[in-house]
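The sequence and the coordinates are shown first.

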Amino acid sequence: MNNKTSKNLWRITAGQRVRYAAAIAVTGLASAFMLTVPLVGGYVLDVVDTQDLSRGPEALVNAAHALAAFWGWQPYVAYLVVSGVAGVGLTALGASCQYLQGRWAAIASEALARRLRETMYARLQHLPASFFDEADTGDLVQRCSSDVETVRVFLSSQVVQIGRSVLLLSVLTPILFVRDARLAGLALVLMPFIITGAYYFFAKVRAQFKITDESEGALTARLQENLTGIRVVRAFARQDYEVSHFGAKSITLRDNRERLNRLSGAYWAVSDFLCTAQVCIVLIAGGIFLAGGTLTVGELFAFMMQVTMVIWPVRHLGQVLNESGKAMVSLGRINHVLQADEESREPAPTVERARGELVLEDVCVEYEPGKPVLDGLSVHIPAGETVGIVGPPGAGKSTLIRVLARLYEPQRGRILIDGLDIRDVDRHWLRRQFGIVMQNPFLYSRTVADNLRLARSDVNDDEMVAAAREAAVHDAIAGFPAGYRSRVGERGVTLSGGQRQRLALARALLVEPPILVLDDALSAVDTGTEREIMSALDRRRGRHTTIIIAHRLSSVRNADRILVLERGHLIQEGTHATLAATSGPYRRLCEIQGALDQAIEQDLKEATDAV
Ligand code: ATP
C-alpha cells in the first residue's frame, strides 16, 4: 500500500473509526467466548475419562453440586449438564458478538462507500475538460461503481477480519505456550511457511487483479461507447465488427479472471496442505505425550481445538490479503480521480449579469505542446454585437469558444469579459454569462419541458412556448403526442438532428444569456427554418452579444462583423458586403457556396421542367 493510498484510506474512514474499533472489539469478545468452549469440552472429556469430578474447574464443579442437590441428580450427570449449558451459553454469547460485529462493520462500510461515491461524483463535476479528454467514460463509470464496491467489501469484512486475526494470534499464542510450550512450539512450526505463502500470493494477486480490473474497465468503456454510438454502428453496418471487438475484450477479461482464479486455487491447495500438516504434527506429538502420561485427553482436545483456531485466521489471511490486494488496486484507481487537480475557484464578480463585451489579447492555445490551435488571436467584440466566425474545419473556431468559457486555459495571452480577466472570475459565474448551443447538443432522457427547464427552473409555460417559437421548434413540439410533456430519447419521441439543435437553442434563449453562442448549431436545420431563426435572432439584436460559428454563409451574412479563421489565425475580418467585395478566402467561400446553390437551383429547375 503506497503512502497516498493509505492516507486516503485513513481519510475516508473519518467519522466511522469508532464504529470500526467497536466492531473489532466485539470480535475480540466473540473470540474470547469461542476460545473458552474448547476448555469446557476438554474438562468434560477429562471428567468422563477419569470419572473424577475434581478434574473439572472449580466454578463448574460447584454449580454441578448445587444442581445435584436441588434436583436430586447424580453430581456426575449434573456436571455434564452444567458443562453443556456453559458451552452453549458461551457459544451464544460469541455468536451475539459476531452479529454485532457484522452489523456495525456493515453500517460503517455502507456509510463510507456512500461517501466515497458521492465524493467521486462531486469531484468529477469539478475536474477540467482536459481530464475527460484522456479518460474513457466507461472506465470512469467502473471507478465510481465496481471499484467503490470492492473497497466497500474490503471495509465491511476484511478490515475486521484482519483485526480479528491479529487479536487471535496475539492473545492465543502466549496462552498456548503457557498451557504446553512443547506442543505450542510444534503447533507453530509451519506458520512461517503459511505466512510467507500468503504474502507471496498477495503480491501476485494484486498485480493480476490490476490487470483484470483494467480489462473490465476497457470492456465497460467499449460497451458504453457502442451504446452511445449505436446509430453510427447501424448506419455503417458495423455490428459484426463491433461484436467481434467486444468479444475480443470479453475474452481478455475471461482470461485475466481465469488467471486470478488459478492463483487463488493454487494458494488454497497449498495452504490447505500446510494447515492440515500442521494439525497432524500437533496430533501425532500430542498422542505421544498422551501415551507418555504428560498430557490428558481433555488437554489434548482443548489444545487441538485452540490450535485450529490459530491456524484458521492465519490461513484466512490469504483470502484477506487477496481481498486487500483488490481493494488497494481499486483505491488506487479511485485516487486517480480524487487526486486529479480540480478547476480553480475564484471569487464571483458582484454583478450577476455581464454586459457581454469580450476582448481577446494575443491568445495562444495548444492541446499538444508546440502545436498551436489558436495562435496570437486578438479580437474585440463590443457588447451586443453579432459576430460570425467562419473558416475551414480544424481552424480553431470551437476552441475559441472553449477558451472563452474557460473549459481550456490559453497558454499565452488573456481574455477579458467586461474588462475582467476571465482567470480572475468564478468559472460558474463566467459560464452563466454564456448560452452555448453546440452542433450535437446533449438532451436528457426526460420530457421536452424538463429539458427546457434545465436552463431555468422557474420558467413558466408562456416563456417556454415563446422561446420555442423563436427557435422555430414550437410547431414540432406541439405535434408530439404529449406536446411539451413528451419524453425525449430512448423511451420517448425521437428527435431529428435539426429538432435537437432547435430545442437546444430554445433552451439557451430561455436563459437570456449576455453572450449567445451558436457553434455550428444550425447545421442540421433546413434553409427555410434557418431563415426563420435568423430573423428571430435579428429581432433580439443588441439584447445580447451573439457569436455564430457556421459553415453555411447564410447563417453569418447578416452579422455585424465576420471573422475568418484559418489555422488558428485571424486572416480576414469585416461585414459580409466588404469581405465579399475583397478578393480573399471569404470571397472564395462565397463563390464556392454560390456556385453550389446555383447548381442545386439548376437541377431543381430541370427536374420541375421534366415533370
Ligand atoms: P470544425 O469546423 O470542424 O468544428 P473547428 O474550427 O471548430 O473545426 P476545433 O474544434 O477548434 O476546430 O479544433 C481545432 C484543432 O484542435 C483540430 O485540429 C482538432 O483536431 C484539435 N483539437 C480539438 N479539440 C482537441 C482536444 N480536446 N485535444 C486535442 N486536440 C484537439
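The sections below treat the ligand site, one threonine, the cysteines and some backbone features.

The model is predicted: local features need pLDDT of at least 70, side-chain atom pairs count only at pLDDT 80 or more, and totals for chains, interfaces and linings use all residues. Residues are numbered from 1 along each chain as its sequence is written, and side-chain values use heavy atoms, with hydrogens and water left out.

**Ligand site**

The ligand is surrounded by 14 residues, the closest being Gly394, Gly396, Lys397, Ser398 and Thr399; a residue is near a molecule if one of its heavy atoms lies within 4 Å of it. Helix H13 (residues 397–404) supplies four residues, the largest share of this shell. Helices (H or I, at least four residues) and strands (E, at least two) are DSSP runs, numbered from the N terminus. By type, the shell comprises six nonpolar, five polar and three charged residues. In this division Ala, Val, Leu, Ile, Met, Phe, Trp, Tyr, Cys and Pro count as nonpolar, Asp, Glu, Lys and Arg as charged, and the others, Gly among them, as polar.

**Thr545**

Thr545 lies in strand S8 (residues 545–549). Its relative accessible area is 0%, so Thr545 is classed as buried; buried means under 20%, exposed over 50% and partly exposed in between (1.4 Å probe, protein chains only). The side chain of Thr545 has polar contacts with two backbone atoms: the oxygen of Gly356 at 2.6 Å and the nitrogen of Gly384 at 3.0 Å. Leaving aside residues up to four places away in sequence, Thr545 touches several others, among them Arg355, Ile381, Glu385 and Leu516, where contact means heavy atoms within 4.5 Å.

**Cysteines**

Zero disulfides are found in a search of the whole structure, a disulfide being a pair of cysteine sulfur atoms within 2.5 Å. Cys275 is in no disulfide, and the nearest cysteine sulfur, that of Cys280, is 11 Å away. Cys275 counts as buried because its relative accessibility is 7%. Cys144 is also buried, with a relative accessible area of 17%.

**Backbone features**

Most residues other than glycine have a negative phi. Asp520, in contrast, has a positive phi near 55°. Asp520 sits in the loop between strand S7 (515–519) and helix H19 (527–539) and is buried at 11% relative accessibility. Arg567 likewise has a positive phi, near 45°, and occupies the loop between strand S9 (561–566) and strand S10 (569–574). With a relative accessible area of 69%, Arg567 is exposed.

Thr137, in helix H6 (residues 137–144), is partly exposed at 45% relative accessibility. Thr137 and Arg222 are 85 residues apart in sequence, yet their C-alpha atoms are 9.4 Å apart in space.

Definitions and conventions:
A polar contact is a pair of N or O atoms within 3.5 Å; within protein, one must be able to donate a hydrogen and the other to accept it, and residues adjacent in sequence count only if both atoms are side-chain atoms.
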